[in-house]
Amino acid sequence: MSLPVRPETDRRIDDLLARFPQKGSALLPALYLVQEEKGWVSEASMEYVAGKIGLSPAFVSGVVSFYTMFHRQPVGRHHVQICRTLPCALRGADALMAHAAKRLGVKDGQTRADGACSLASVECLGACDRAPFVQINDRDFGPVDPSGLDEILKRLE
Ligand code: FES
């Protein structure tokens with residue numbers, strides 16, 4: 001059966017496993033490596049990682065669905081996540097989300113047909129003091145208002 005990842009990624013995961021006394025500790029970084037290669041973590045990738053580490057696919061699936069930084073389906077080149085938890089909501093996250101949906105031409109949870117971007121409302125990103133808070137791929141922004149979001153998106157285009 002062919003690997004669901006490139007041989008290079010497989011080798012990097014082996015390197016990770018060699019560094020951790022307990023293989024399970026390599027789970028999150030291994031999933032990151034898969035996502036770095038593919039842009040998301042498929043069912044086949046979860047089974048592969050589970051097999052490498054000696055965990056059940058159901059456990060790995062639970063971890064992937066718990067953390068919003070892992071994508072269970074392909075996302076756009078710019079994956080825009082807007083926090084909707086109370087501190088961000090009180091500081092305008094709903095209006096920011098509505099603005100983002102209009103500006104990007106995509107609804108919450110969707111990826112634009114051209115693959116340029118996707119939009120998701122998420123729970124607390126751990127930066128409540130910078131509410132309303134936005135994460136685009138692995139970059140953090142906050143506080144962000146609608147015109148600030150336009151500026152950020154313009155820089156990314
Ligand atoms: S509530 Fe938005 S980052 Fe915590």
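Buried means under 20% relative accessible area, exposed over 50%, and partly exposed in between (1.4 Å probe, protein chains only). This is a predicted model: local features need pLDDT of at least 70, side-chain atom pairs count only at pLDDT 80 or more, and totals for chains, interfaces and linings use all residues. Residues are numbered from 1 along each chain as its sequence is written, and side-chain values use heavy atoms, with hydrogens and water left out.

**Aromatic residues**

Tyr 32, Phe 66, Tyr 67 and Phe 70 form one aromatic cluster. Rings of Phe, Tyr and Trp (its six-membered ring) pair if their centres lie within 6.5 Å; planes under 30 degrees apart count as stacked, over 60 as edge-to-face and the rest as tilted. By this rule the count comes to 3 aromatic pairs. The rings of Tyr 32 and Phe 70 are tilted, with centres 5.1 Å apart and planes at 55°. This pair links distant parts of the chain, 38 residues apart: Tyr 32 sits in helix α2, Phe 70 in the loop between α4 (57-66) and β1 (78-83). Helices (H or I, at least four residues) and strands (E, at least two) are DSSP runs, numbered from the N terminus. The rings of Phe 66 and Tyr 67 are edge-to-face, with centres 4.9 Å apart and planes at 90°.

| Residue | Relative accessible area | Class |
|---|---|---|
| Tyr 32 | 40% | partly exposed |
| Phe 66 | 61% | exposed |
| Tyr 67 | 30% | partly exposed |
| Phe 70 | 4% | buried |

**Ser 118**

Ser 118 lies in strand β2 (residues 117-122). Ser 118 is buried, at 2% relative accessibility.
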